[in-house]
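Welcome, and thanks for taking a look at this one with us. Here is a short briefing to read alongside the sequence and the structure.

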Amino acid sequence: MDGFREANNFGLNQKVENAQFHVKGANNLSWGMKDRLSRIFNPKTGRAVMLAFDHGFIMGPTSGLERIDLSIVPLVKYADCLMGTRGMIQTCIPANVNKPVCLRSDAGSTILTDLNRNVLIDIEDAIRMNASAMAVMFSAGDGDREAITAANLVKAVDMGNRYGIPVMGVTAVGKQMARDARYFALASRVCAENGANIVKTYYCEGFEKVAAACPVPIVIAGGKKLPEKEALELCYNAVNDGAAGVDMGRNVFQSECPAAMIQAVYSVIHEGLTPDQAYEKFQDLSK
Ligand code: 5RP
């Protein structure tokens with residue numbers, strides 16, 4: 001007790017703050033889950049710019065991802081979160097960049113196969129990778145593929161809940177399915193109903209209904225490469241219609257100036273720039 005000082009700072013007139021958590025649907029999650037979600041979704045804006053470079057797990061070396069050390073590493077500092085496979089992250093991304101990782105956690109088929117026989121990676125590897133979330137595909141309305149991907153999603157959620165790692169359900173579009181609000185609302189909702197903490201889907205007409213009916217944050221994929229201004233409009237419309245950000249790949253790394261593009265996207269998502277303002281920023285930064 002030598003040097004012990006009597007406790008006398010109890011803040012008797014101050015109420016304990018029980019602030020709402022800034023991520024949709026996450027109020028009742030554990031502290032560890034919330035901590036991981038906070039690394040992805042900026043507590044000031046509630047939004048996220050995730051950089052997706054997992055395409056090779058299905059497609060091999062696609063344009064812009066031939067050398068991730070050259071194309072993606074320079075963009076890392078502008079992203080809120082990195083979304084890739086364990087193989088590319090551990091071989092190409094320096095471990096001291098200190099960015100949260102949304103780990104692509106399923107694998108097993110390529111564009112050469114018709115039927116996905118996807119399997120999940122071991123949760124222990126996600127823990128070793130210090131993953132802040134695990135991304136797992138869910139393909140609705142696609143026969144066996146639906147059953148396989150639903151089982152993967154449920155298993156990932158069970159494991160994620162055990163260790164406090166959120167799961168992002170990635171809605172794939174089956175061959176017979178239309179890319180419309182009805183499909184994306186169904187696929188997103190099924191992901192959330194099965195316990196996904198984040199959903200990744202596509203922007204579409206009527207997206208506000210997709211977002212409203214999904215109780216967890218939606219981030220949108222960019223899809224195939226668009227002219228930069230159109231891609232920025234896509235981001236703007238998506239967040240205005242209820243998305244919590246983007247998980248964007250080709251529209252960033254296939255851009256004429258990827259570093260300028262990701263900064264322009266960031267400005268739309270976090271700073272409220274209009275597509276015109278963001279495009280002007282893209283042009284300035286491209287010079
Ligand atoms: C594929 C994916 C991709 O990461 C996703 O499609 C995002 O990339 P892009 O913006 O290029 O569409 O999850 O399952």
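Is the crossing of α9 and α12 left-handed or right-handed? In this predicted model, the two helices cross in a right-handed sense.

**Helices α9 and α12**

- Helix α9 covers residues 228–240 and helix α12 covers residues 275–286; their axes come within 9 Å and cross at roughly 135 degrees.
- That angle makes α9 oblique to α12.
- On the α9 side, the residues that meet α12 are E228, K229, L232, E233 and Y236.
- Their partners in α12 are P275, D276, A278, Y279 and F282.
- Sorted by class, the residues of this α9 and α12 contact comprise 6 nonpolar and 4 charged, with no polar ones.

**Helices α11 and α12**

- Helix α11, residues 258–271, packs with α12 at an angle of about 150 degrees, and the axes of the pair are 8 Å apart.
- Angles over 145 degrees count as roughly antiparallel, so α11 and α12 are roughly antiparallel to each other.
- The crossing of α11 and α12 is right-handed.
- From α11, the contact is made by A260, M261, Q263, A264, S267, V268 and E271.
- From α12, A278, K281, F282, L285 and S286 take part.
- The contact of α11 with α12 has 7 nonpolar residues, 3 polar and 2 charged.

**H270, a residue of α11**

- H270 lies in helix α11 and has a relative accessible area of 13%, so H270 is buried.
- Beyond its neighbours within four places in sequence, H270 is in contact with N42, T45, R47, A48, V49 and D80.
- One of these partners, T45, is joined to H270 by a side-chain to side-chain polar contact of 2.8 Å.
- For a sense of distance, H270 and L186 are 84 residues apart in sequence, and their C-alpha atoms are 28 Å apart in space.

**S132, a loop residue**

- Where does S132 sit? S132 is in the loop between α5 (123–128) and β6 (133–140).
- With a relative accessibility of 4%, S132 counts as buried.
- Setting aside its neighbours within four places in sequence, S132 is in contact with R36, R39, I40, P100, V101, I165 and P166.

How values were computed: Residues numbered from 1 in each chain as written. Predicted model: local features only at pLDDT ≥ 70, side-chain atom pairs only at ≥ 80, totals over all residues. Heavy atoms only, no water. Axes fitted to C-alpha atoms, helices over the stretch in contact; angles between N-to-C directions. Helix = DSSP H or I, 4+ residues; strand = E, 2+ residues; numbered from the N terminus. Parallel < 35°, antiparallel > 145°, perpendicular 65-115°, else oblique. Left-handed = near helix turned anticlockwise from the far one by under 90°. Contact = heavy atoms within 4.5 Å. Nonpolar A, V, L, I, M, F, W, Y, C, P; charged D, E, K, R; others polar. Buried < 20%, exposed > 50% of the residue type's maximum accessible area, 1.4 Å probe, protein only. Polar contact = N/O pair within 3.5 Å; in protein donor to acceptor, adjacent residues only side chain to side chain.
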